[in-house]
Amino acid sequence: MEATGPRELRIVLSEADATLVDSLAEYQMGIVPEGYDPKNPVGSGPFKLEYFSPASRPR
């Protein structure tokens, strides 16, 4: 992989991969900022995270 711009990434493959886009879209492949700390998440408003339970669903 090579960053070719602030919002661009070049991925050179040795052969075609029809599932690459789907693989990169998986939940586990989320892009987070450098230095991200899940115990101190970044929010967007006057809200504070009270708890987090991995792999749970909202009610």
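This is a predicted model: local features need pLDDT of at least 70, side-chain atom pairs count only at pLDDT 80 or more; totals for chains, interfaces and linings use all residues.
## The largest pocket

Numbering runs from 1 along each chain as its sequence is written, and side-chain values use heavy atoms, with hydrogens and water left out.

So who lines the largest pocket? Met 1, Leu 9, Ile 11, Leu 24, Met 29, Gly 30 and Ile 31 do. The space in the largest pocket comes to about 230 Å³. A pocket is an open set of points on a 1 Å grid where a 1.4 Å probe fits, with protein on both sides within 12 Å along at least five of seven lines; lining residues have an atom within 4 Å of a point.

## Leu 24

Leu 24 sits in helix α1, residues 20–24 (a DSSP run of H or I, at least four residues). Leu 24 counts as partly exposed because its relative accessibility is 41%; that class falls between buried, under 20%, and exposed, over 50%, with a 1.4 Å probe and protein chains only.

## After the helix

Lys 39 and Glu 50 turn up in the segment after α1. Lys 39 is exposed, at 78% relative accessible area, and Glu 50 is exposed too, at 75%.

Between the C-alpha atoms of Lys 39 and Phe 52, 13 residues apart along the chain, the separation is 9.0 Å. For Glu 50 and Leu 20, 30 residues apart, it is 36 Å.

How values were computed:
Helices (H or I, at least four residues) and strands (E, at least two) are DSSP runs, numbered from the N terminus. Grid points are joined across faces, edges and corners, and a volume is the space filled by probe spheres set on the points.
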